[in-house]
Amino acid sequence: MIEANDKETQGVVDYIKNFIRKHSIFMLAYGTGCGAIELPATLTSRYDAERLGIRGAATPRQADVLLITGYLSTKTLKRVIRVYEQMQDPKYVIGFGSCTINGGMYFDSYNTINSLAQYIPVDIYINGCMPRPEAILAGFEELQKKIQKGEADNGTKYQENIEWYRANQKKIIKNWRMPDYNW
């Protein structure tokens with residue numbers, strides 16, 4: 001039984017919005033590492049991610065999900081932040097592989113970051129080096145469950161905690177010349 005729409009519970013309107021959102025996910029893949037090689041197999045006929053409502057997006061403004069597929073250098077992090085901030089709400093981030101969790105095999109490199117969640121909010125991590133298409137689809141299914149429950153709201157949390165994220169971002173990116181967004 002679905003209850004009336006109010007602030008405490010997920011009401012009818014939110015339930016319907018979340019149901020539609022979870023079956024219409026436009027993904028922008030930011031292929032920074034070796035994990036990106038698994039995406040064509042995931043999106044083509046063998047694994048057919050589109051049957052779950054997952055499609056590719058051409059630009060950040062059309063995307064719902066930003067998929068970071070590997071390690072991030074400090075130079076690349078700046079572009080990822082810019083792309084993330086250009087995305088419309090609601091927006092989600094999937095960290096792909098162990099490089100986004102702890103730096104992976106580049107954990108002690110001077111030029112790569114070790115944890116993506118320090119710089120942009122991550123909704124789902126997909127473990128592995130590199131995750132297979134089955135793991136990618138399982139990660140998307142987990143994201144869809146969070147969307148349905150109304151728990152995937154990191155875009156709003158990013159705006160609310162922008163000072164904390166900016167401080168972390170500016171520690172890594174020394175020549176900060178990025179526009180300040182006014183949400």
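Student: How many cavities of 30 Å³ or more does a search of the whole structure find?

Tutor: The search finds one cavity of that size in this predicted model. The largest cavity holds about 80 Å³ of space. Its lining consists of 13 residues, and Cys34, Gly35, Gly70, Gly97 and Cys99 are the closest to its centre.

Student: And how do the residues of that lining divide into nonpolar, polar and charged?

Tutor: Seven residues of the lining of the largest cavity are nonpolar and six are polar, with no charged residue.

Student: Turning to pockets, how much space lies in the largest pocket?

Tutor: The largest pocket contains about 250 Å³ of space. It is lined by 13 residues, and those nearest its centre are Asp14, Asn18, Arg21, Gly150 and Asp153. The lining of this pocket comprises five charged, four polar and four nonpolar residues.

Student: Which helix gives the most to the lining of the largest pocket?

Tutor: Helix 1 does, with four residues. Both helix 1 (12-22) and helix 5 (133-149) supply at least two residues of that lining.

Student: What nonpolar patch is there on the surface?

Tutor: The patch is formed by Val12, Val13, Tyr15, Ile16, Phe19 and Ile20, which together have about 520 Å² of accessible area. Of these residues, Ile16 has its place in helix 1 and has a relative accessible area of 44%, so Ile16 is classed as partly exposed.

Student: A change of topic: how many salt bridges does the count come to?

Tutor: The count comes to four salt bridges. One of them joins Arg166 and Glu85, with the closest N and O atoms 2.8 Å apart. Arg166 belongs to helix 7 (residues 162-172) and Glu85 to helix 3 (residues 74-86), so this pair ties together parts that are 81 residues apart in sequence.

Student: Is Arg166 buried or exposed?

Tutor: Arg166 counts as buried because its relative accessibility is 9%. Glu85 is likewise buried, at 3% relative accessibility.

Student: What about Glu50 and its salt bridge?

Tutor: Glu50 pairs with Arg55, and their closest N and O atoms are 3.7 Å apart. Glu50 is partly exposed, at 47% relative accessibility, and Arg55 is also partly exposed, with a relative accessible area of 27%. A further salt bridge is that between the side chains of Arg132 and Glu134, at 3.5 Å from N to O.

Student: Finally, how far apart in space are Ile101 and Asn114?

Tutor: The two are 6.7 Å apart, C-alpha to C-alpha, and 13 residues apart in sequence. Ile101 lies in helix 4 (residues 98-102) and counts as partly exposed, at 30% relative accessibility.

How values were computed
Residues are numbered from 1 along each chain as its sequence is written. This is a predicted model: local features need pLDDT of at least 70, side-chain atom pairs count only at pLDDT 80 or more; totals for chains, interfaces and linings use all residues. Side-chain values use heavy atoms; hydrogens and water are left out. On a 1 Å grid over the protein atoms alone, a cavity is a set of points where a 1.4 Å probe fits but cannot get out, and a pocket is an open set with protein on both sides within 12 Å along at least five of seven lines; lining residues have an atom within 4 Å of a point. Grid points are joined across faces, edges and corners, and a volume is the space filled by probe spheres set on the points. Ala, Val, Leu, Ile, Met, Phe, Trp, Tyr, Cys and Pro count as nonpolar, Asp, Glu, Lys and Arg as charged, and the others, Gly among them, as polar. Patches are made of residues with over 30% relative accessible area and no salt bridge: like charges are joined within 9 Å, nonpolar side chains (Val, Leu, Ile, Met, Phe, Trp, Tyr) within 5 Å. Accessible areas come from the Shrake-Rupley method with a 1.4 Å probe; for residues, only the protein chains shown count as cover. Buried means under 20% relative accessible area, exposed over 50%, partly exposed in between (1.4 Å probe, protein chains only).
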